[in-house]
Amino acid sequence: MERYPFSALLARQKYIARWGLMRCQRTETVAEHTADTAQLAYLLAVVAAERYGADANPEKVAVAALFHDAGEILTGDLPTPVKYKTEPLKNAYKALEKTAEESLLALLPKDVRGRMAPAVTAAGLNARERDILKAADKLSALIKCMEEAQGGNREFIKAEQSQRQALQKLNLPEVRDFCETMLPCFEETLDQLAQGAF
């Protein structure tokens with residue numbers, strides 16, 4: 001019987017550290033970032049659809065978020081300033097990501113590849129859904145920056161500003177809502193957060 005290592009490779013996301021060029025108080029893995037991004041993507045898509053009538057399917061966006069960094073199993077996590085330093089580098093990295101995604105899909109049985117491909121490549125998302133996924137990815141990074149800065153790590157101050165600017169450029173009302181009503185809660189203590197829960 002043939003063996004398919006797709007899931008075994010995905011499970012290794014927990015060994016890939018993010019923020020490789022930064023001194024971190026706590027290491028964040030690609031697996032953690034992926035889970036955070038999927039939760040945020042689902043919530044943002046719900047807000048977009050329910051509040052703003054956007055053509056956004058929360059389940060589809062969340063599933064794409066679960067796989068949005070899958071290619072990093074083969075490429076590693078290349079720091080953003082490096083990835084986007086120049087247009088040729090950006091294009092080369094996009095091509096590398098596409099190759100990595102195709103290589104991962106080839107590690108699945110042929111009869112399921114077609115159904116898995118839109119999730120792994122995010123090809124099934126419309127423009128608003130792609131923006132929501134991008135926003136969730138940026139929000140996850142912003143929250144990490146805030147956590148590091150709150151712990152006294154000045155290394156993340158500039159990165160936090162960059163993430164905020166990138167989110168503003170997306171100009172999504174659901175992101176604006178999140179930043180106004182939910183993001184400040186990430187600065188609260190556990191006691192403050194739990195007060196309203198019980």
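What follows is a walk through the aromatic pairs and nonpolar cores of this model. The model is predicted, so local features need pLDDT of at least 70 and side-chain atom pairs count only at pLDDT 80 or more, while totals for chains, interfaces and linings use all residues. Residues are numbered from 1 along each chain as its sequence is written, and side-chain values use heavy atoms, without hydrogens or water.

Start with the rings. The whole structure holds three aromatic pairs (ring centres of Phe, Tyr or the six-membered ring of Trp within 6.5 Å; planes under 30 degrees apart are stacked, over 60 edge-to-face, the rest tilted). One of them joins Phe6 and Phe67. This pair is tilted, 6.3 Å centre to centre with 35 degrees between the planes. Phe6 sits in helix α1 and Phe67 in helix α3, 61 residues apart (helices are DSSP runs of H or I, at least four residues, numbered from the N terminus). Both Phe6 and Phe67 are buried (under 20% relative accessible area; exposed is over 50%, partly exposed in between; 1.4 Å probe, protein chains only).

Phe178 and Phe186 form another tilted pair, at 6.4 Å and 40 degrees. Phe178 counts as buried because its relative accessibility is 4%. Phe186, at 36%, counts as partly exposed.

Now the cores. The largest nonpolar core has 27 residues (buried Ala, Val, Leu, Ile, Met, Phe, Trp, Tyr and Cys joined through side-chain atoms within 4.5 Å). Leu44, Val61 and Ile132 are among those with the most contacts inside it. Helix α8 gives the largest share, eight residues. A second, separate core of twelve residues includes Ile16, Phe67, Leu104 and Ala119.

Key: Helices (H or I, at least four residues) and strands (E, at least two) are DSSP runs, numbered from the N terminus.
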